[in-house]
Amino acid sequence: MIQINSEYVMIGGVLLIILADLLRVMLRVDSRRIIHYITLLVLIIAFITEVMFGNMDVSFFSSMQYSGFINGFILFLSIAIYLFLMSDSGEHSVFIDFLFLFATLGALLVVISSNFISLIIAIEMISIASYGLVFFHKTDRQLEGAMKYVSISFLSIIIVIFGTSMIYGGSGSLSFSITSTQNYLPFIAGVGLVLAGLSFKSTIVPFHMWAPDVYEASDGTITAFLSSVSKTAGLVAMIRVFFFALPFSSNFVMVMFVTLAIATIFFASFMAIVQDKIKRILAYSSIAQAGFAFIGIAMLNLLGVHSAIFYVFTFAVADVLVFLAYKVFEDNKIVYKKDSKRMFLTSKVATIGLFVGLLSLAGLPPTVGFFGKLLIFQTLLTHGYVYIVVALFAIILFSTFYYFGLIMEMELSKVNGIVRKPIPGRRIKEAVIIVLVLTLFIGVAFVPF
Amino acid sequence: MINLLSLVIVPILGVIALAVDSAASNRVRPEYIALIVFLVTAALFFSGILSGFSESSITIVSSIDFAFTFHLSGISTPFLLLAIVLPALGFWSAFREINGGKTLFYMFYLLSYTSLIGVFISSNLLSFFVFWEVVLISFFFIIAFWGEEETRRRASMKFLIFTQFGSLTLLGAFILMYIYTGSFNIGVISAAVSDIPTYISEIIFAFVLIAAVIKMPIFPLHSWLPDAHVSAPTAGSVLLAGVLLKMGGYILLLFGSLLLPSVVKSLQVPLIILGVATVIYSTLAASAQVDFKRMIAYSSIFYMGLVFIGISSMYSIGETGSIFLMVSHGFIVGMLFVLAGILKEKTGTRDITKLGGLMTRMPMYAFFLVFAVVATLGVPGLSNFVGELLIFIGAYAVYPLSLISLVGVLIATNYYLSAVKRILFTSLNKTLSKVRDISYGDAIQLSLFSVFIITIGLIPSIITNSFSLSI
């Protein structure tokens, strides 16, 4: 019996868009709106089928325990981002619709791939589509951002392929179910290379340096996509590889992973403090968040993976929220920290959205970010890492400092010399932000275990 | 029977009403909504005192044991009294002082109100922590956006960083308790506390101690408090000194001396010495202040030092005295902060050296100021006396040298009385010749404070019978 899955819906959607655009050109219809609506409809149908039927289970792809949850929130966030994109300018290039669906499909496939080949292809689907998304959405530095992204991404995927070939040499197979039983030296070297390659995608230090530049150069909605959906895919790929495909339990690997994670958190937080531009602060904070999720993966056990998956969910939602809210301010030329004076008067809803998102990123209750950090701490303390927890407390204080520093300068009531530009699609944008804020408040009810 | 849940729900409904009202372009003044919330909550509380409270529990996520469980622990009632009454008494100051962004201010004020109540009645540690942090965030905003223009940003950030560090260590303690007992419920934890290995319970107590030392605050980690007080609006100061500091005492009692008595007992003498150091340091620091509000802030560190001595004496008389002193100090310091706020408003300064002879211009104000100062110095018949006496008895029984802190009381008498002399009784400063006396509204607010102080002072058994030293 053939089951309808969200992945099939997305593939169908991608083809449908190409056909529809062809028809549009043949019938000489100038308006591209209809295609935007089709894209949105495809995303929504995919979300519904995901919730109702779950993932597909064919040769190269098999669902793991929480892939339904992960794919569900990936589609949910994609819908939110796409609504924002749509409301922004009314019409945009059809390429963007196509690439957006393609990248989302790639993210969905990463989550369920059960073979190194399918994993690499899925990651490449996200990457190639993302270059296009960065380039085709007009900003003044699009070319720089896209070029940086392309060159770094190529490097990372080459490293992954090289590592995979070593794994193949060691085990004679690329299927996760077979590699999980191997233990052989070149094989382990391959694992190290795969780690390095995947770290590029999920911005783990020292492979993070492309992220702030690319985020800054791309449009706010695209940044939201890169920092949530694309990064979720990277981190889930790591879970897939290091927990399901190559289940080590060696102490050395664990210490190495924890060191990388702590280095990521510390480095990104320190860099965030010295930044001047709001978007770069948010970019570095998003790197630090990936470090927190990586701690859960580093524990290499079920409790750690649980906490990592939930943490990825919390920070993905919060990151989408802050970048989308910041997009509203970006359009009103609020770029530097000192400009944050005008935030509240520009848009109340976006300010509240930004603030709640920051609360969640800083790990303060009652937002869902707190519960994400709680699970991470619980994992660490269960393993007796009291010192690491204390060090993380210190760095969370640091991050609280720069997160709250963003909104400190805000003025609540004085209006002098502020020209309010009308925000296009204001109603839809505010609705999206409000839905995401509510998600952050009630998100704890979605704990998948 | 009154359900404890209703005490938390009513202020949250108030916050929602404020948001709706703001969307409907403020048809009702936000002050009135806040006032209604205070009156309804207080009515619920006092009828609950008479008819008893019923517990309630709402499970949110069972796999991580997160539930909103409301249950009165043995020591909650006096703290609950503070959390319910003081914000309502401070409301009048907010009514007069806050001009810009009223809706947002009352939203944060009601949020801190509901979460202060929530902290004292939660028996699930996660919901406890959620309320604990919401208090912190709403106070950060009250100071940062409605504080004094020059200092508010720095002071609010200092407040946030210090107290957030305390919160995080407290969270660490909670998670450790969960790992070793398998539950976040205080009742379950206290039943299974013997399962926790000794070294883990020492780490837990160290974490709780850091949180309490920052929150109360005790000597080396106190420096956020004077800054926060000086910058905060009066209503914020009343809540800050009256209830927030008591949260520190509450966790030290609950998770320290009641949950882990053996650990506290082994650290008793160093803790008492820390308390004595706080007492001596804060009185000396207070003597050097010329800003009246800063002086009160340091004196409240002094009283929290006494409370700390009483709790770490691990002796029922001392602990009873500590709870008693926290309640009485809450009312007295609230009254003093209201008086300091009025002083700034009427004369334009809180600098004691620039004031003088206000007795002739403001007789009613003079009456309340002298009353509050006399009460804070522990004159028999007023509330502080009972608490101080019990603490000194308890501390003497355990560690006689702790009576050094009596010197602190002496110095406190000196600086308070000389401040009162300077403000009220020297010759009138010419710039102050047009100052007017307080309004009837202020007088009613101050009288309400006085009623509580006198009642508790004359009939101490109201407080001492309302709690038992158990979880």
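Two residues count as in contact here if their C-beta atoms, placed from the backbone, lie within 7 Å. Everything below comes from a predicted model, where local features need pLDDT of at least 70 and side-chain atom pairs count only at pLDDT 80 or more, while totals for chains, interfaces and linings use all residues. Residues are numbered from 1 along each chain as its sequence is written, and chains are lettered from A and ligands numbered from 1 in the order in which they are written.

**View 1. Where chain A meets chain B.** On the chain A side, 22 residues are in contact with 29 residues of chain B. Both α16 (368-382) and α17 (386-408) of chain A put in at least two residues each; helices are DSSP runs of H or I, at least four residues, numbered from the N terminus. The largest share of this side, nine residues, belongs to α17(A).

**View 2. What that chain A side is made of.** Sorted by class, the side touching chain B has 18 nonpolar, four polar and no charged residues. Here Ala, Val, Leu, Ile, Met, Phe, Trp, Tyr, Cys and Pro are nonpolar, Asp, Glu, Lys and Arg are charged, and the others, Gly among them, are polar.

**View 3. The two domains of chain A.** Domain 1 takes in 1-158 + 209-240, and domain 2 runs over 250-449, with bounds from an automatic or database domain assignment. Their C-alpha centres sit 22 Å apart.

**View 4. Domain 1 against domain 2 in chain A.** Here 28 residues of domain 1 are in contact with 32 of domain 2. On the domain 1 side, α3 (67-89), α9 (210-217) and α10 (220-245) of chain A are the elements giving two or more residues, and α10(A) brings the largest share, 12 residues. By class, that side of domain 1 has 17 nonpolar, eight polar and three charged residues.
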